[in-house]
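Here is a briefing for a reader who is new to this structure. Look at the sequence and the model first, then read on.

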Amino acid sequence: MSRCLAERGVDHVVLERGTVANSWRTERWDSLRLLTPNWQSRLPGYGYEGNDPDGYRTMPQVIEFLDRYAKVISAPVEVDTTVTSVRESDGHYLVETNRDAWQCRTVVLAAGACNVVRIPEAAKDLGPALATVTPMTYRHPGQLPAGGVLVVGASATGTQLADEIHRSGRPVTIAIGEHIRAPRVYRGRDIQWWMDAAGVLDERYDTVDDINRARGVPSLQLTGSSDRATLDLNALTALGVRMVGRFVGMRDGKAQFSGSLRNQCMLSDLKMNRLLTAIDVWATANGLDGEVEPSHRLAPTEVPKSPPLTLDLGGASIRSILWATGYSPDLSWLHVPVLDRKGRIRHDGGVVDAPGLYLMGMQFLRRRKSALIDGAGDDARDLSDHLVRYLDGGAVPG
Ligand SMILES: Cc1cc2nc3c(=O)[nH]c(=O)nc-3n(C[C@H](O)[C@H](O)[C@H](O)COP(=O)(O)OP(=O)(O)OC[C@H]3O[C@@H](n4cnc5c(N)ncnc54)[C@H](O)[C@@H]3O)c2cc1C
């Protein structure tokens, strides 16, 4: 957004509570690699120039990438500046920080979609005997006590951490709710390549049937490893990870799991196959069939015959629990009345329901790719155009 505003001659400042790439520096685990290939982190006027376009960045590489971008575009970043309040004041916004206060006609809310881990209410009944970790506090398996681990959630984070923790000698049980399975490589090409090329990631927010539902869809079960392996539930089962249904709460000291595991897995296979069929159709229509490997399908997810519906965590030697249950933004500092009943910002593709206020970086904000690094550029171009029209006092349709 800073690059787009500079290009449009808009005087601006970027307020950052830490330093550039703060969330990648402070909130990610050690072994994490991006699940998007190197070529796919495209920012306005900036892309990948190395010799491994299909590889996946480590965290130090992501930090270096973003640091360099901030320097190349001379982004006016004020570091160590925490925004403590944004409110309306006499037709302007008053932005208060731990250092100075700023007055401005427009504010772009770009504080991230993943500031707090969404932990189920029932977590409070777990008792003090279990070590509790979240993807924001987890760094490596050595941090966990010896013994079993319950990983709750089976999207990208849950499957990646279940794999790493189980391999460390701590037997993992994974509680599985809604998830989306995907092969890492399909017909010889990265699944992200297909989704990018076929326009799936460019699908717009105002063309989907139920945008609230689309904004809540979990991340694809993907990992960015050097062997480009698929990390789905079958891979975890082969490793010895135990599968149970969605964690629904605690009763009489026992963890309770939903009986919907089989359905969830069937649904996930169905959605994956629907995506692969759409890719096949696109490949044929675009004359790629002779160039890429033949179409194929993955074996269905193997589901245990009768997965346990309850588990005495102590008796099952489970010593820690990792909540891989998704994230929410932290908007506690936003004092402009734009939140709906569920605490979500009311906006139309990032144009917030308050003049001069904009939003970036949220799931499916304007496009399916909006919450990816690769999605920021197109959204910033659109929203900065809107912002300039607003500053010029012109008509501002969404
Ligand atoms: C575990 C994980 C893995 C991911 N993997 C990928 C991937 O493989 N590929 C991909 O494209 N995307 C990935 N993403 C999504 C990725 O985080 C986003 O694409 C990207 O970070 C969005 O950038 P952003 O600037 O909107 O948000 P963030 O990177 O979260 O940046 C927000 C910034 O705002 C600052 N901030 C927050 N509150 C305040 C405040 N009150 N005052 C001042 N500053 C504040 C934060 O310190 C932070 O630096 C992943 C996300 C997570 C959580």
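## Threonine 81 and its loop

Threonine 81 lies in the loop between strand S2 (77–78) and S3. Helices (H or I, at least four residues) and strands (E, at least two) are DSSP runs, numbered from the N terminus. This is a predicted model, in which local features need pLDDT of at least 70, side-chain atom pairs count only at pLDDT 80 or more, and totals for chains, interfaces and linings use all residues. Residues are numbered from 1 along each chain as its sequence is written, and side-chain values use heavy atoms, with hydrogens and water left out.

- Threonine 81 is buried, with a relative accessible area of 3%. Buried means under 20% relative accessible area, exposed means over 50%, and partly exposed is in between (1.4 Å probe, protein chains only).
- The side chain of threonine 81 makes a polar contact with the side chain of arginine 99, at 2.8 Å. A polar contact is a pair of N or O atoms within 3.5 Å; within protein, one must be able to donate a hydrogen and the other to accept it, and residues adjacent in sequence count only if both atoms are side-chain atoms.
- Leaving aside residues up to four places away in sequence, threonine 81 touches Leu15, Glu16, Arg17, Thr97, Asn98 and Arg99. Contact here means heavy atoms within 4.5 Å.

**The hairpin**

- Strand S3 (residues 83–89) and strand S4 (residues 92–97) run antiparallel and are joined by 6 bridges. Two strands pair if DSSP finds at least two bridges between them.
- Within this pair, valine 86 stands opposite valine 95 in S4.
- S3 and S4 form a hairpin with 2 residues between them.
- Aspartate 90 sits in the turn and has a positive phi of about 50 degrees, although aspartate 90 is not a glycine.
- Aspartate 90 is exposed, with a relative accessible area of 74%.

**Another positive phi**

- Arginine 228 is not a glycine, yet has a positive phi of about 55 degrees.
- Arginine 228 lies in the loop between strand S14 (220–221) and helix H7 (233–239).
- Arginine 228 is partly exposed, at 28% relative accessible area.

**The ligand site**

- The ligand is surrounded by 24 residues, and the closest are Glu16, Leu35, Thr36, Ala371 and Ile373. A residue counts as near a molecule or strand if one of its heavy atoms lies within 4 Å of it.
- An N or O atom in the side chain of arginine 17 is 3.0 Å from an oxygen atom of the ligand.
- Serine 23 has a polar side-chain atom 2.9 Å from an oxygen atom of the ligand.
- Threonine 36 has a polar side-chain atom 2.8 Å from a nitrogen atom of the ligand.
- On its own, the ligand has 980 Å² of accessible area, and the protein covers 84% of that. Accessible areas come from the Shrake-Rupley method with a 1.4 Å probe; for residues, only the protein chains shown count as cover.
- Helix H2 (residues 22–26) gives the most to the shell around the ligand, with 3 residues.

**Glutamine 192**

- Glutamine 192 lies in helix H5 (residues 191–197).
- Glutamine 192 counts as buried, at 4% relative accessibility.
- The side chains of glutamine 192 and glutamine 40 make a polar contact, at 3.2 Å.
- Among the residues that glutamine 192 touches, beyond four places away in sequence, are Leu35, Thr36, Trp39 and Leu222.

**Nonpolar cores**

- The largest nonpolar core has 60 residues. A nonpolar core is a set of buried Ala, Val, Leu, Ile, Met, Phe, Trp, Tyr and Cys residues joined through side-chain atoms within 4.5 Å.
- Trp24, Ile174, Phe247 and Leu313 have the most contacts inside this core.
- Helix H3 (residues 59–72) supplies the largest share of this core, 7 residues.
- A second, separate core of 29 residues includes Tyr93, Val338, Val352 and Met362.
- Phenylalanine 247 touches residues including Pro120, Val152, Phe257 and Trp323, not counting residues up to four places away in sequence.

**A three-stranded sheet**

- An open sheet of 3 strands has the order S16-S17-S18, with antiparallel pairing.
- Strand S16 (247–251) and strand S18 (310–311) are the edge strands, and each pairs on one side only.
- Strand S17 (residues 254–257) runs antiparallel to S18, joined by 2 bridges.
- Alanine 255 stands opposite leucine 311 in S18.
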